[in-house]
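Here's a quick walk through a model, one spot at a time. Have the structure open and follow along.

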Amino acid sequence: MESGHSGEASAVRGLELLWGLGERPNRGRRPALTLDQIVRTAIGIADVTGLAAVSMRRVAERLGCTTMSLYRYVPGKAELLDLMTDAVMGEVPPADAAPGDWRTRLELSARADWGLYQRHPWILRLPAGRPALGPHGFAWYESVLRVLTATGLPPAALVHVFDLVDAYVRGAARDALDAAAVERHSGLTDEQWWAARAHFWDAVFVPARYPVVASLRAAGALRHPRDRGFEFGLRLVLDSIETFVRNQPHGRNETSRCYGTPCPQCGNPVSRPASTGRPRTYCSDACRQRAYRARRSRPA
């Protein structure tokens with residue numbers, strides 16, 4: 001298996017591929033492959049046989065070319081995984097495009113993520129704390145954060161809420177997929193597995209020692225479909241966030257100052273002045289001056 005990122009140069013090249021930047025040859029023979037072909041082939045392998053099966057050699061075999069020829073397009077497996085991840089993130093609709101209030105939109109976004117993990121479970125094997133930093137992933141991230149700005153939460157709390165929902169959906173999806181994989185590999189359903197261990201409840205388990213477990217089992221609460229468990233947990237997470245938002249002491253004016261319109265020069269939020277007056281266009285004097293110089297340098 002190929003090694004991971006090989007340094008800053010490799011990371012820069014990976015970002016250039018994600019965003020379509022860098023030098024592009026305009027002479028010579030037409031390339032035999034396209035980057036999209038390579039990425040889609042790798043995604044197909046991962047969807048069917050898992051992330052461990054993805055390698056430059058396996059992708060080359062599927063495309064009918066040599067492994068070395070792929071390195072003309074992608075530096076290595078780490079960059080390929082980033083491209084794969086960002087490509088499938090393009091399947092998730094923007095959270096802020098849905099109708100409804102912030103809670104409705106956040107719920108729809110969580111369900112869309114759940115669906116993405118069902119279609120491409122290999123994503124859950126990649127570290128969430130090291131995202132691909134591609135355009136599709138950032139568009140999704142921006143859209144969810146834009147939805148959360150409607151809560152009026154301060155910046156740090158807003159990011160924590162995003163992390164909470166993301167961690168819950170990823171964790172629930174990973175548990176469900178792991179359970180399905182165990183069932184597939186063992187050839188036993190959960191019901192069959194428990195049926196084979198009926199002796200535990202009949203001869204080993206002592207209800208008087210574990211009265212709460214015994215009462216829950218008697219009520220049938222220990223067994224429920226996995227997707228129903230996801231629904232219950234998502235509702236509970238959203239309820240807690242809504243309560244947290246409702247108990248915040250700040251007002252809407254403070255929120256509007258935190259999340260202003262983006263600076264046309266650098267994209268950072270433009271904070272609005274606390275007092276009345278002319279609204280700011282740029283986030284700083286430096287950006288305003290750079291924009292002025294850029295306008296002066298343009299041909300008439």
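## Around Val-147

Let's start with Val-147, which touches Ala-95, Asp-96, Trp-102, Arg-105 and Leu-106, not counting residues up to four places away in sequence. Contact here means heavy atoms within 4.5 Å. Val-147 sits in helix 7, and its relative accessibility is 4%, so it counts as buried. For the cut-offs, buried is under 20% relative accessible area, exposed is over 50%, and partly exposed is in between (1.4 Å probe, protein chains only). Asp-101 is 46 residues from Val-147 in sequence, with 8.4 Å between the two C-alpha atoms.

A word on the ground rules: this is a predicted model, where local features need pLDDT of at least 70 and side-chain atom pairs count only at pLDDT 80 or more, while totals for chains, interfaces and linings use all residues. Residues are numbered from 1 along each chain as its sequence is written, and side-chain values use heavy atoms, with hydrogens and water left out.

## The overall picture

The protein chain has 14 helices and zero strands. Both kinds of element are DSSP runs numbered from the N terminus: helices are H or I with at least four residues, strands are E with at least two. Of the 300 residues in the protein chain, 33% are buried. Take the contacts between residues at least 6 apart in sequence, and 67% of them join residues at least 24 apart.

## The nonpolar core

In soluble globular proteins, nonpolar side chains tend to be buried together. In this model, the largest nonpolar core has 61 residues, and those touching the most other members include Ile-38, Leu-80, Trp-122 and Val-169. A core of this kind is a set of buried Ala, Val, Leu, Ile, Met, Phe, Trp, Tyr and Cys residues joined through side-chain atoms within 4.5 Å. Among the elements giving two or more residues to this core are helix 1 (8-19), helix 6 (102-119) and helix 12 (226-246). Helix 8 gives the most, with 11 residues.

Beyond its neighbours within four places in sequence, Val-169 is in contact with Ala-110, Asp-113, Trp-114, Tyr-117 and Phe-230.

## Helix 2 against helix 5

Helix 2 (residues 35-49) packs on helix 5 (residues 77-89) at an angle of about 85°, with the axes 9 Å apart. Axes are lines fitted to C-alpha atoms, for helices over the stretch in contact, and angles run from 0 to 180 degrees between N-to-C directions. The two helices are therefore roughly perpendicular, a label that covers 65 to 115 degrees; under 35 is roughly parallel, over 145 roughly antiparallel, and the rest oblique.

Helix 2 brings residues including Ile-38, Arg-40 and Ile-43 to this contact, and helix 5 brings Leu-80 and Met-84, among others.

## An aromatic cluster

Trp-193, Trp-194, Phe-200, Trp-201, Phe-205 and Tyr-210 form one aromatic cluster. Rings of Phe, Tyr and Trp (its six-membered ring) pair if their centres lie within 6.5 Å; planes under 30 degrees apart are stacked, over 60 edge-to-face, and the rest tilted.

Phe-200 and Trp-201 have ring centres 5.0 Å apart and planes at 75°, so this pair is edge-to-face. Phe-200 and Phe-205 make a tilted pair, 6.1 Å centre to centre with 45° between the planes. Phe-200 is partly exposed at 36% relative accessibility, whereas Trp-201 is buried at 19% and Phe-205 is buried at 12%.
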